[in-house]
Amino acid sequence: MTGLFGKKPSEKEFSVRNQMKELRKLVKDKQYDKAIKIGDEILRKTPHNHDVHFIVGGIYYMRGKLKTALVHFDEALKIGEYDPDVLLLKANAHFKLGQIKDSIASCEKLKEIDPKNKSLKELESKIQQRNKN
């Protein structure tokens, strides 16, 4: 039974839902290599999955693979362009790569949607410090 207004999920949808659960569990358990593999599998089935791009991008960010992280953040922002978490990570990745103009651009967009973001203010302070030196 699928409920009064629901429909039975397709095989693909069911598979992706299960993989999403597994992905989140792997991240929670800090099994990042396996999480990336599952994330890649999900993205092959559903390439426009905002959450998976954010999660996989975040793993690459934590591992210092910033250019790869940026690819995933850009994809996530194509789907949900006003995601403050993705914008902040993208701004930080650009900053760490020395891409200050790109970092500032991400900060400006984030400022439009979340002007009181504490982490944004901290990053802007770092950018100002770098520009002074």
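**Helices and core of a predicted chain**

The chain of this predicted model holds seven helices and zero strands.

Me: In what order do the elements of the chain run from the N terminus on?
Reply: The chain contains seven helices and zero strands. Read from the N terminus on, its elements therefore follow the order set by helices and strands as DSSP runs. That order is α-α-α-α-α-α-α.

Me: What percentage of the residues in the chain is buried?
Reply: A residue counts as buried under 20% relative accessible area. The chain has 133 residues, and the buried share of them is 38%.

Me: Which residues have the most contacts inside the largest nonpolar core?
Reply: The largest nonpolar core has 34 residues. At least two residues of this core come from each of α1 (11-28), α2 (32-45), α3 (50-62), α4 (66-79), α5, α6 and α7. L23 touches A35, I38, G39, I42, V52 and I55, with residues up to four places away in sequence not counted. Those with the most contacts inside the core are L23, I42 and V52.

Me: Is H94 buried or exposed?
Reply: H94 has its place in helix α5 (residues 84-96). Its contacts, leaving aside neighbours within four places in sequence, are L70, Q99, D102, S103 and S106. The relative accessibility of H94 is 9%, and because the limit lies at 20%, H94 counts as buried.

Me: How far does helix α6 reach from its first C-alpha to its last?
Reply: Helix α6 covers residues 100-113 and has 14 residues. At 1.5 Å a residue, the expected reach is 20 Å. The reach in the model is close to that value, at 20 Å.

Me: Within what arc do the buried residues of α6 fall, seen down its axis?
Reply: The buried residues of α6 are I100, S103, S106, C107 and L110. They line one face of the helix, because the arc within which they fall is 125°.

Me: Which residues are exposed on the other side of α6?
Reply: An α-helix has 3.6 residues a turn, so residues three or four places apart point the same way. The buried residues of α6 line one face of the helix, and α5 and α7 (118-132) are among what covers them. On the other side, the exposed residues are K101 and E112.

Me: What share of the accessible surface of the chain belongs to carbon and sulfur atoms?
Reply: The C-alpha atoms fill a box of roughly 65 × 35 × 20 Å along the principal axes. The accessible surface of the chain is about 8800 Å². The share of carbon and sulfur atoms in that surface is 52%.

Terms used:
Residues are numbered from 1 along each chain as its sequence is written. This is a predicted model: local features need pLDDT of at least 70, side-chain atom pairs count only at pLDDT 80 or more; totals for chains, interfaces and linings use all residues. Side-chain values use heavy atoms; hydrogens and water are left out. Helices (H or I, at least four residues) and strands (E, at least two) are DSSP runs, numbered from the N terminus. Buried means under 20% relative accessible area, exposed over 50%, partly exposed in between (1.4 Å probe, protein chains only). Contact means heavy atoms within 4.5 Å. The expected span of a helix is 1.5 Å times one less than its number of residues. The arc is that of the directions from the helix axis to the C-beta atoms. A nonpolar core is a set of buried Ala, Val, Leu, Ile, Met, Phe, Trp, Tyr and Cys residues joined through side-chain atoms within 4.5 Å. Accessible areas come from the Shrake-Rupley method with a 1.4 Å probe; for residues, only the protein chains shown count as cover.
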